[in-house]
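Here is a short tour of one structure, with an eye on its rings and one of its helices. Have the viewer open and follow along.

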There are 2 protein chains.
Amino acid sequence: MVPHLTTALTGPLQDLERRILERMPEIERWLRTQWQEHEVPFYASVDLRNAGFKLAPVDTNLFPGGFNNLNPSFLPLCVQAIQTAVERVCPDARGVLLIPENHTRNQFYLRNVATLESILRQAGMRVRIGSLNPEITQVTKIDLGDGNSLTLEPVQRNGRRVGLYDFDPCMVLVNNDLSAGPPQVLMNIDQPVVPPLAAGWYNRKKSHHFSAYSGVAEQFAALLGIDPWLIDPYFGVCGKIDFREQTGEECLASNVSHLLERIRAKYEEYGIDEKPFVIVKADAGTYGMGIMTVRDVDDVRDLNRKQRNKMAVVKEGLEVTQVIIQEGVPTFESINEAIAEPVVYMIDRFVVGGFYRVHTSRGKDENLNAPGAQFVPLAFESPCIPDLREPAGCAPNRFYAYGVVARLAQLAAALEIEELAAKPPAETVPA
Amino acid sequence: MVPHLTTALTGPLQDLERRILERMPEIERWLRTQWQEHEVPFYASVDLRNAGFKLAPVDTNLFPGGFNNLNPSFLPLCVQAIQTAVERVCPDARGVLLIPENHTRNQFYLRNVATLESILRQAGMRVRIGSLNPEITQVTKIDLGDGNSLTLEPVQRNGRRVGLYDFDPCMVLVNNDLSAGPPQVLMNIDQPVVPPLAAGWYNRKKSHHFSAYSGVAEQFAALLGIDPWLIDPYFGVCGKIDFREQTGEECLASNVSHLLERIRAKYEEYGIDEKPFVIVKADAGTYGMGIMTVRDVDDVRDLNRKQRNKMAVVKEGLEVTQVIIQEGVPTFESINEAIAEPVVYMIDRFVVGGFYRVHTSRGKDENLNAPGAQFVPLAFESPCIPDLREPAGCAPNRFYAYGVVARLAQLAAALEIEELAAKPPAETVPA
């Protein structure tokens, strides 16, 4: 089942894409070297935008949901990769405690947890699901509405170990983005926690991530001999924002206007006939909340109450006090006339699948991670291994470039985690 | 595309299969421990026979052909696994020299080489194909008749390194079973050669392999609390055989009669209503040559000239001087009424796929690796991960038991290689 993808690639990206495919051995080697120096995140998903002239990550999730949206034919790849990932953490592992998000009513998310559980079980692990939700005080079986069910159990702490009734796991795998802070029950325990608590959204900033990404993109661009801008979106940051009180608007306006100017210059350099835009996002936001498309500096000066309220609060009721203003990358991909953006999944250092996030009522310059989004799994290009050499009937592997850029974002996340883990959380809040 | 497999499983195997599925975490953990102690073969394929009451390997190939017979949806699994396998040999690898069999006219085999090349290339390696065939004195492009082609180049030796014109590889990957002996050009070189030359068929004996396998099967059976016979075929050996001169017939006859007796006893123990038979095979033979089904001890006493000639010589014209007499495992699997046996592929410690070898004109007690055999790729059980828990619409993963037994054979091969590599080839020829 290969989705019919209408790509309309023009300008430098076709060059870029071909260059990435041609340099595959060097790229894979370079990535191998990076993973010798930096600890690869256990898993990650990366949202990409493909503008034709530019291919860039726009969000990197270290606690990925959506495994249920992958094409089932990717699942064996997930199983194989997770075997390597778990072995890295505890070579003798049999027991994995999976910690999901607290919501017990979002069946889409719960199916993701069930898929993860199944992947781990297929890899030969004993896996049980421990909930941090205070409402889960006993073994709770949840029907997933697709014939499957999920069993949540209350997490128990025993000295410096965490587990469940009659279950002492070897490792704790977190699938909860920790927006609300590091859970007490998981702090100072002997078992390894992956990803580390320091990688939670209470502690991460998109701006840190993209700053790390810029460094990675620069190195990678040097390897390929290309302009880093082709894979890296410009961005700026404003701290001390209060949307409700309308403080910090000047910073926002000047950043927007500066970014629009820089983008315009690049568009001219490459002869790109597009209208520049930027995306304003909560610097610590997730779930596609607190996101706004800005096409003109006046847009941020005239926010009405509704817009301000929308921007002011993200997941778990957290106030937005800092925003990232990021170059918008228009998406040139559509499926059945709906705008589509690729989401790429990694486990350990392996690309294990992806899907298109599709939205029928959003434009090419808007956030698609919003209610109404649908998911179209990517399929393998049967019946041949897609390849640059294009033997009879085989298209070149367009997915390869996506897999490379997604792994660059994963590498940036690795650098980001190193930094976060090195300093206590308090210090990571910028002035 | 799931082939319709008519399985007719009776007696203890359903127990065995279920027990294997239930104990998956312990099994995977046990295998992990084994691979910490023993070097996993780079790749392998294992022919299995499933009798319903018994599931056992009958041949283990350390230089597997047939990658072209895998379902294309397995290929990404191969790519991911080979990345791990190559990294283990040379962490900084970019160049792999692939050494195929010498035949240049067997398009089926050459498509296997092309598939391997493609898998390596997709894993980010530079790969070129070096031929040992003395007729290949220059770059030779061979059309594969399917729109693809293969480029063979003469292998060059430069001091203690081997390579091709303008190509100094990091490792040498052998896909030639070395029936004719270790190639001079690959001896005493600085680059790693995998599998090691000592694993070539000039040096291997099926009896060594199955003797190592018996040890592995015994340990594994103890882990599961089962009779090792359920996964291990009985066997005996006769050296000093000369089929043309009719010497060694007495040894053959007494082994056959002894084995038939032991099998009969087991059949009685388990109430199996089958006629025991044994397979006589050249102890160093490959390619399904020099193989004979024996149902009665008189069968080996009255060999006619044609039968004797057939048994006397295997690949590369090697004389058969030693045979293994192995318990026959009838196959209970058939596809469209043709007898079928599963072939399972491993790369590194990962099961990466398999297919059914099918033969329309052979019986359930005969060798299927013969002219006229066809291949039916195994497909993934979409749309769910097959699992013991059998959620709605998901059959239990019958392939898992195959993957386990195949890996036991791979482990036996690892022990066998350790032993072969430890002593000089001459000493491995038994008296």
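What follows looks at a helix, then at aromatic pairs, then at charges over rings.

This is a predicted model, in which local features need pLDDT of at least 70 and side-chain atom pairs count only at pLDDT 80 or more, while totals for chains, interfaces and linings use all residues. Residues are numbered from 1 along each chain as its sequence is written, chains are lettered from A and ligands numbered from 1 in the order written, and side-chain values use heavy atoms, without hydrogens and water.

Let's start with helix α8 of chain A, residues 398-422. Its 25 residues should span 36 Å at 1.5 Å a residue, and the end C-alpha atoms, 38 Å apart, agree with that. Because 18 of those 25 residues are buried (under 20% relative accessible area with a 1.4 Å probe, protein chains only), α8(A) is largely enclosed by the rest of the structure.

Now for the rings: there are 22 aromatic pairs over all chains (centres within 6.5 Å; planes under 30 degrees apart are stacked, over 60 edge-to-face, the rest tilted).

| Pair | Centre distance | Plane angle | Class |
|---|---|---|---|
| Phe53(B), Tyr267(B) | 5.4 Å | 75 degrees | edge-to-face |
| Tyr345(B), Phe355(B) | 5.4 Å | 40 degrees | tilted |

Phe53(B) lies in the loop between β1 and β2 and Tyr267(B) in helix α6, so their pair ties together parts 214 residues apart in sequence. Phe53(B) is buried, at 3% relative accessible area, and Tyr267(B) is buried at 3% too. Tyr345(B) and Phe355(B) are also both buried.

Finally, in chain A, the charged end of Arg262(A) sits over the ring of Tyr234(A), 3.7 Å from its centre (the cut-offs are NZ of Lys or CZ of Arg within 6 Å of the ring centre and within 35 degrees of the ring normal). Arg204(A) lies over the face of Trp201(A), 4.5 Å from the ring centre.

Notes: Helices (H or I, at least four residues) and strands (E, at least two) are DSSP runs, numbered from the N terminus. The expected span of a helix is 1.5 Å times one less than its number of residues. Buried means under 20% relative accessible area, exposed over 50%, partly exposed in between (1.4 Å probe, protein chains only). Rings of Phe, Tyr and Trp (its six-membered ring) pair if their centres lie within 6.5 Å; planes under 30 degrees apart count as stacked, over 60 as edge-to-face and the rest as tilted.
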